[in-house]
Amino acid sequence: MTDPKDLRIAVIGAGMGGLGTALAFARKGFKHIDVFETASNLGFVGAGIQMPPNVARVLDRLGVWDDIAKESTDVKGASIREGSTDVELAQVDMSDVTQKYGYPHCTGHRSSLAGGLFNGCKREGAIRFHFSTALIKIDSYEPQPILTVKSRDGEPYQVEADILLAADGIKSVTRSQMLAQLGTKEEEEDTGQAAYRIMLKRSDMEKDPEMLKLIDCDTVVRWIGPRRHIIAYPVSDKQIYNLSTAQPDDNFAAATNATYTTKGSKSAMLKVFEDFCPMVHRMLDLVPDGEVCEWKLRAHKPLMTWVHGCVALLGDACHPTLPHLSQGAAMAIEDGAVLAECVSRAPNSDPATISKVLKVYELLRRDHTYALVNLAAFSGRTLHLGEGKAREERDREFAEHRNNGSVPDKWASPDVQKMMYANDCVKDAEENFDKIYAGLS
C-alpha cells in the first residue's frame, strides 16, 4: 500500500469530534473510514451550543455550514450583567464579527450541529457507522492498531486499522489504556463546578414581556455572581431559550454515573440562585419539576502525549475544557480537520511515517488548545469572584472595557475573540506541516 488515501481509519466516538473527523477524512479523499459508537443512535439530544467563526470556517470547508447556519441565531452582541440586580456591567458589540473574521458567531441547538455533521457523513460512501459498539481494548498500537470492540448483543471481535483516532470524550477508554501502556496515569482534576442545562419554550416565555425581549434578541446574556453564573441565548429559530449555568457542585451526588450526571432538585437549583434578580427567578420557575439534571464539570491535567504509534487522541479525550469560552466542540472539530490535513500530506503509508504525521498534528494543536483550556478556567475564576478588591478591580475593568478593548469575561473580550476567531487551523496546518515534519526525528 503506497497511497495514504487507502489507509483504514477507525474513529472511536460519534460526538462532534468524531463526526467532524470522519467527514474531514472523507472530504480529503480517504476511502475506508469506520466510526464506532457505544450509543444505539446519535439521538440528537442536548442543549444549546455556540458556534464561533473558527468552527464555522471548518464546517464550511466540510460542506455543511449553510444548512447548520439556517437554524442558527447570528449573535450581534453580548451583555454581561450582575446576577443579583440585572444591572449591565458591559455590553459588547459583535455586529462586525462576520466582517472581521469571514463568518458569524452563531448559537444553535446541539442537534442542528450534530445533525448537520451526520448528514454530511451520510453523503460520503467512504464512512461506515457501527452503532451500539463499544471499544473494549486496544490490543496493539503499532505497526497497525488492533482493537477489540463489542456490539451490545454480540461477542467481542477484533478490528485492524491503520490509524485509530479517539474522539471518545472526557472518560476516554483510549486515553486511559494508552497512558497505562506508556507507564503513566491520567491526572483528573476536580474543577469544583457543576452545571444545569435548561431549555425554555417560547410559548412559556412570551407571556412575560421581559422574557419575550430576551428570546427575541440576538444577544448572549451572562448573569454573574459569587461562585456562579448563568449564560443564555435563543436557539431553534428563537423557539427555545437556552440557559447553561455554572455553580459549586455542592448538590452533586457522591457517586455519579458514566456521564458525570445526576438527577437534580428544582428546589436546590432555585436555592443556588436565590439572590439573583427576579427575572432569573421567573425563568427558573418555568423548569418543570422532575426535569432538573446537573452535570459535574471535569478536567484533566495536560497529557505527556496525544499520540502513541498510530493512535491519536482528539477533543475532550486530550484537552477537556470548562465551557466558559464556548470553544469545546469547536476545538474537537478543528482537531479532526487538522488530522485529515496532516495525514493527507503523508509522503507514504509506512506506519513509522503515519506515527510521525500524527505527532505533527499534536504539535500543531497542543499549545493553542491548552492555552484556551487555561483561559477558560481563568475566566471562570474571574466571573465568580466574591466581595473584595479583586472583584472591585474586575468591575472597574468591565466599566472601562470600551476604552481598553478588554473584557474580564474573556468569551466576550474583543482581544481574546481575535485570538480564537481568526485562527484558521487548516491553513496553519497547510503552512507549517512540512517544517514541523522535517524537524521530527
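## Pairing of strand β13

In this predicted model, strand β13 pairs with strand β16 (residues 240–248) in the antiparallel sense, over seven bridges. Within this pairing, Lys-201 is placed opposite Ile-240 of β16.

Strand β13, which covers residues 188–201, also pairs with strand β18 (residues 293–300). The sense is antiparallel, and β13 and β18 share seven bridges. Here Asp-190 stands opposite Arg-298 in β18.

## The sheet β9-β10-β11

An open sheet is formed by three strands in the order β9-β10-β11, with antiparallel pairing. Its edge strands are β9 (133–140) and β11 (157–160), each of which pairs on one side only. On average, neighbouring strands of this sheet are turned by 35 degrees against each other, direction ignored.

Strands β9 and β10 (residues 146–151) run antiparallel and are joined by six bridges. Lys-137 has Thr-148 in β10 as its bridge partner. In a regular strand, side chains alternate between the two faces of the sheet.

## Packing of helices α2 and α11

Helix α2 (residues 53–61) packs against helix α11 (residues 328–344) at an angle of about 40 degrees, and their axes lie 9 Å apart. The two helices α2 and α11 are therefore oblique to each other. The crossing in which α2 passes α11 is left-handed.

On the α2 side, the contact is made by Asn-54, Val-55, Val-58 and Leu-59. Helix α11 contributes Ala-330, Ile-333, Glu-334 and Ala-337. By class, the residues in the contact of α2 with α11 are six nonpolar, one polar and one charged.

## Packing of helices α12 and α16

Helix α12 spans residues 351–383 and helix α16 spans residues 425–438. They pack at an angle of about 125 degrees, with axes 10 Å apart. This angle makes α12 oblique to α16, since angles of 65 to 115 degrees count as roughly perpendicular and those over 145 as roughly antiparallel. The crossing of α12 past α16 is right-handed.

From α12, the residues in contact are Thr-353, Lys-356, Val-357, Val-360, Leu-363, Leu-364 and Arg-365. They meet Cys-425, Asp-428, Ala-429, Asn-432, Phe-433, Ile-436 and Tyr-437 in α16. The contact of α12 with α16 comprises nine nonpolar, two polar and three charged residues.

Terms used
Residues are numbered from 1 along each chain as its sequence is written. This is a predicted model: local features need pLDDT of at least 70, side-chain atom pairs count only at pLDDT 80 or more; totals for chains, interfaces and linings use all residues. Side-chain values use heavy atoms; hydrogens and water are left out. Axes are lines fitted to C-alpha atoms, for helices over the stretch in contact, and angles run from 0 to 180 degrees between N-to-C directions. Helices (H or I, at least four residues) and strands (E, at least two) are DSSP runs, numbered from the N terminus. Angles under 35 degrees count as roughly parallel, over 145 as roughly antiparallel, 65 to 115 as roughly perpendicular and the rest as oblique. A crossing is left-handed if the near helix is turned anticlockwise from the far one by less than a right angle, and right-handed if clockwise. Contact means heavy atoms within 4.5 Å. Ala, Val, Leu, Ile, Met, Phe, Trp, Tyr, Cys and Pro count as nonpolar, Asp, Glu, Lys and Arg as charged, and the others, Gly among them, as polar. Two strands pair if DSSP finds at least two bridges between them.
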